[in-house]
Amino acid sequence: MEHWLYSFNIAGHTFSVNLDTIITMWLAMAFLIVISLIVTRKAQMVPSRTQAACEKIMEFFWGVMDTMMPGKNRQHVPFVASLFLFILTANLMGQLPLRIIHLKHGELASPTNDINLTAALAILVLIYYITAGLKAKKGKFFIHEFSFQGIIMFLVELLEMFTRPLSLAIRLFANIFAGEVLVAICLGISAAFLPIPVMIFELIVAFIQATVFMMLTIAYVSSAAQTEEH
Amino acid sequence: MTEVTTITEFAKLGAGIAMGFGAIGAGLGIGVATKGLMDGVSRQPEVAGKAFGFFLLGAALSEACALYAFVIAAKLVGLF
């Protein structure tokens, strides 16, 4: 549960990074980048087996976008799809036996068990949906109409800009972290067979949490970017 | 010294209470979600697959409330 803290000084300020999180995050990123490079190099009209599988994955994202956000939605697919794939890879990495590699402090586990990474993802989502809303509605994104109701709605949306990333970050972090604590407690009770069903449950949780993050991102972006017809 | 010990002991008690009350809400939420799934599926058995996906989503969202309590409890005990 502890992280390998590494501190350094820049212009009199001390910055700390969690090195184990960074290592596992780069592993997940490298996996995704290498897979996508391999698949997209030799694209053919008659797809090979791997290319067909990856096209199925993209069709899954298009289907989700079409159901959650009808209309013009293809420009949001890359962001949402890479969020989903990265979070899924990161969550599933926690179930790999990476802990046999010993570090000085901490352990190699899922990078999403660090709240710094999930908070960074949530802030990315915040910036993305504000940008999408500003592009779609210009100044009307912040203030809909100049009346009592409009001002109240503006204040509520200002509050949401704080609570949405907070809940996104804590939801993902707490699910993965609680799973690790659960596995650790089961290991303490009986190391033989008790952790196995919990680990299988964690595999399901990895998929569900990646899906939840993606769905909420799509919901936020579509509520920000779509102009309602009058 | 004794005061510090008392405070850490009470923090553990508070962590237990936080986990318990958090679990009440998440349990109620998942129960209501399951009831909705059962109602919908018994009326229209053909939507079972699609409804189960939305059920999992709702269950994960309501389970997150218990996990917020878990984060507070872990913070109280000093797990991270």
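Trainee: How many aromatic pairs are there over all chains?

Mentor: Nine, counted over all chains. Keep in mind that this is a predicted model. One of the pairs is Phe79(A) with Tyr128(A), which is stacked, at 4.1 Å centre to centre and 10° between the planes.

Trainee: Where do Phe79(A) and Tyr128(A) sit in the chain?

Mentor: Phe79(A) is in helix 3 of chain A and Tyr128(A) is in helix 4 of chain A. They are 49 residues apart, and the pair links distant parts of the chain.

Trainee: And is Phe79(A) buried or exposed?

Mentor: Phe79(A) is buried, because its relative accessible area is 16% and the cut-off for buried is under 20%. Tyr128(A) has 21% relative accessibility, so this residue counts as partly exposed.

Trainee: Which aromatic pair joins two chains?

Mentor: That would be Phe177(A) with Phe70(B), a tilted pair with 5.8 Å centre to centre and 50° between the planes. Phe177(A) lies in helix 5 of chain A and Phe70(B) in helix 2 of chain B, residues 48–77, so the pair joins two chains. Both Phe177(A) and Phe70(B) are buried.

Trainee: Nice. Which residues do ring pairs link into a cluster?

Mentor: Phe60(A), Phe61(A) and Phe84(A) are linked that way.

Trainee: How accessible are Glu59(A) and Lys56(A)?

Mentor: Glu59(A) is partly exposed, at 43% relative accessibility. Lys56(A) has a relative accessible area of 57%, so it counts as exposed.

Trainee: What about Glu160(A), which residue does it form a salt bridge with?

Mentor: Glu160(A) pairs with Arg164(A), and the closest N and O atoms are 3.4 Å apart. Both lie in helix 5 of chain A, four residues apart, again about one turn of the helix. Glu160(A) is partly exposed, with a relative accessible area of 28%, whereas Arg164(A) counts as buried at 16%.

Trainee: And in chain B, what does Lys35(B) meet in a salt bridge?

Mentor: Asp39(B), with 3.3 Å from N to O. Lys35(B) and Asp39(B) are four residues apart in helix 1 of chain B, residues 2–43, so about one helical turn separates them. Lys35(B) counts as exposed at 54% relative accessibility, and Asp39(B) as partly exposed at 36%.

Trainee: While we're in chain B, how far apart are Gly58(B) and Ala33(B)?

Mentor: In sequence, 25 residues; in space, 6.8 Å from C-alpha to C-alpha. Gly58(B) lies in helix 2 of chain B and is partly exposed, with a relative accessible area of 30%.

Trainee: Now helix 1 of chain A. What span should its 23 residues have?

Mentor: At 1.5 Å a residue, helix 1 of chain A (residues 19–41) should span 33 Å. Its end C-alpha atoms are 32 Å apart, which agrees.

Trainee: Which residues are buried in that helix, helix 1 of chain A?

Mentor: Asp20(A), Thr21(A), Thr24(A), Ala28(A) and Val39(A). The buried residues of helix 1 pack against strand 2 (13–18), helix 2 (49–68), helix 3 (77–93) and helix 4 (115–137) of chain A.

Trainee: Last one, about the surface. Which residues make the nonpolar patch of about 830 Å²?

Mentor: Ile143(A), Phe146(A), Phe148(A), Ile151(A), Ile152(A), Leu155(A), Val156(A) and Leu158(A). Ile143(A) is in the loop between helix 4 and helix 5 (148–189) of chain A. At 42% relative accessibility, Ile143(A) counts as partly exposed.

Technical notes. Residues numbered from 1 in each chain as written. Chains lettered and ligands numbered in written order. Predicted model: local features only at pLDDT ≥ 70, side-chain atom pairs only at ≥ 80, totals over all residues. Heavy atoms only, no water. Expected span 1.5 Å × (residues − 1). Buried < 20%, exposed > 50% of the residue type's maximum accessible area, 1.4 Å probe, protein only. Contact = heavy atoms within 4.5 Å. Patch = residues over 30% accessible without salt bridge, like charges linked within 9 Å, V, L, I, M, F, W, Y side chains within 5 Å. Areas by Shrake-Rupley, 256 points an atom, 1.4 Å probe, with all protein chains shown as cover. Salt bridge = Lys/Arg side-chain N within 4 Å of Asp/Glu carboxyl O. Phe/Tyr/Trp six-rings, centres within 6.5 Å; stacked < 30°, edge-to-face > 60°.
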